[in-house]
Amino acid sequence: MPLPPPRPLKRLGQHFLVDPNIVRKILALAELQSEETVLEIGPGRGILTRALAAAARAVVAIEVDPKLHAYLAETFADRANVDLRLGDALAFDYLNLPPRTVVVANLPYYVSTPLLMKLLDARARFDRMVLMLQTEVARRLVAGPGTGEYGSLSVVTQHAAEVSMAFQVSPGCFRPRPEVGSAVVSLVIRRESPVGVADEAAFARIVRASFAHRRKTIANSLRDEGLPPDRIAAALTRAGIAPSRRAETLGLHEFAALTAALES
Ligand code: SAM
């Protein structure tokens with residue numbers, strides 16, 4: 001007798017996709033080639049995993065829930081190209097994956113932002129990503145300067161990848177239904193900085209410090225994050241940024257210029 005699927009656990013963000021049409025749309029967007037390896041985070045009951053395994057050379061799927069992992073091990077016992085891993089995707093060593101791995105995942109929403117940051121940190125291993133996220137996070141990823149959704153997440157992500165919103169997914173496409181809307185985004189990893197950033201860790205630090213106090217000017221926000229005022233003033237002048245501006249008005253080029261000026 002095959003194992004029945006375990007009951008969904010809310011605390012692990014278990015909202016399983018049940019609409020085959022959405023699976024088809026995700027697969028079409030991923031444009032998988034038969035020699036590619038796919039990384040899936042949170043395979044759940046395996047609806048995406050099955051489709052990914054049919055399209056790609058191999059699927060590495062990381063599931064944190066031991067009961068789901070056991071269910072999947074039985075379900076995919078006949079699929080030699082599905083490599084199931086039991087563990088926390090936040091603690092996974094992505095640098096052991098083959099180069100140009102493609103990430104395709106319906107992410108657990110309670111932890112989607114730290115997971116995305118972790119994936120971007122390991123992006124040397126990835127070619128592109130197709131991710132389902134809560135709509136609010138997806139909007140922040142694609143937001144441009146001057147909008148309320150634009151923040152450090154937008155800047156850091158757009159610096160690392162070409163990001164686009166693909167399509168929306170309604171709560172009715174999942175069981176149990178989530179309380180928030182969902183959206184699928186595509187990220188094509190950039191091989192180099194589009195704005196000549198040399199020290200990426202410094203860039204991310206300065207972007208975060210700039211947005212740490214959203215209502216304040218860039219000069220005051222950086223000061224409140226502990227940078228000396230005279231160093232801030234000199235760097236803003238060198239980068240051609242008026243100290244009265246707010247972080248949400250600055251584009252990628254300006255953050256790159258500010259990083260270079262503060263670090264020199
Ligand atoms: N891919 C399936 C689908 O589309 O139906 C399930 C998606 S469900 C939104 C998220 C999945 O991520 C669940 O199976 C959950 O157990 C798993 N998960 C939650 N936290 C995780 C973590 N830290 N590491 C790995 N998987 C996790």
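**Glu31 and its loop**

I looked up Glu31 and placed it in the loop between helix H1 (20-30) and strand S2 (37-41), where helices (H or I, at least four residues) and strands (E, at least two) are DSSP runs numbered from the N terminus. Although Glu31 is not a glycine, its phi is positive, at about 45 degrees.

I note that this is a predicted model, in which local features need pLDDT of at least 70 and side-chain atom pairs count only at pLDDT 80 or more, while totals for chains, interfaces and linings use all residues. Residues are numbered from 1 along each chain as its sequence is written, and side-chain values use heavy atoms, with hydrogens and water left out.

**Cis peptide bond**

I then turned to the bond that joins Arg175 and Pro176, which is a cis peptide bond with omega at about -15 degrees. Pro176 belongs to the loop between strand S8 (174-175) and strand S9 (182-189).

**Ligand surroundings**

For polar contacts I took pairs of N or O atoms within 3.5 Å. A polar backbone atom of Gly42 is 2.8 Å from a nitrogen atom of the ligand, and a backbone N or O atom of Pro43 lies 3.4 Å from a nitrogen atom of the ligand.

**H6 with H7**

For helix pairs I used axes that are lines fitted to C-alpha atoms over the stretch in contact, with angles from 0 to 180 degrees between N-to-C directions. The axes of helix H6 (residues 152-160) and helix H7 (residues 200-211) come within 9 Å and cross at roughly 155 degrees. That makes H6 roughly antiparallel to H7, given that angles under 35 degrees count as roughly parallel, over 145 as roughly antiparallel, 65 to 115 as roughly perpendicular and the rest as oblique. The contact (heavy atoms within 4.5 Å) is made by Ser152, Val155, Val156 and His159 of H6 and by Glu200, Phe203, Ala204, Val207, Arg208 and Phe211 of H7.

**H7 with H10**

I next checked H7 against H10, which pack at an angle of about 110 degrees with their axes 9 Å apart. The two helices are therefore roughly perpendicular to each other. On the H7 side, the residues in contact include Phe203, Ile206 and Phe211, and on the H10 side they include Leu252, Phe255 and Leu262.

**H9 with H10**

Last, I looked up helix H9 (residues 229-239) and helix H10 (residues 252-263), which pack at an angle of about 130 degrees with their axes 8 Å apart. That makes H9 oblique to H10. Arg231, Ile232, Ala235, Leu236, Arg238 and Ala239 of H9 make the contact with Ala257, Leu258, Ala261, Leu262 and Glu263 of H10. Sorted by class, this contact of H9 with H10 has eight nonpolar, no polar and three charged residues, where Ala, Val, Leu, Ile, Met, Phe, Trp, Tyr, Cys and Pro count as nonpolar, Asp, Glu, Lys and Arg as charged, and the others, Gly among them, as polar.

Methods. Polar contact = N/O pair within 3.5 Å; in protein donor to acceptor, adjacent residues only side chain to side chain.
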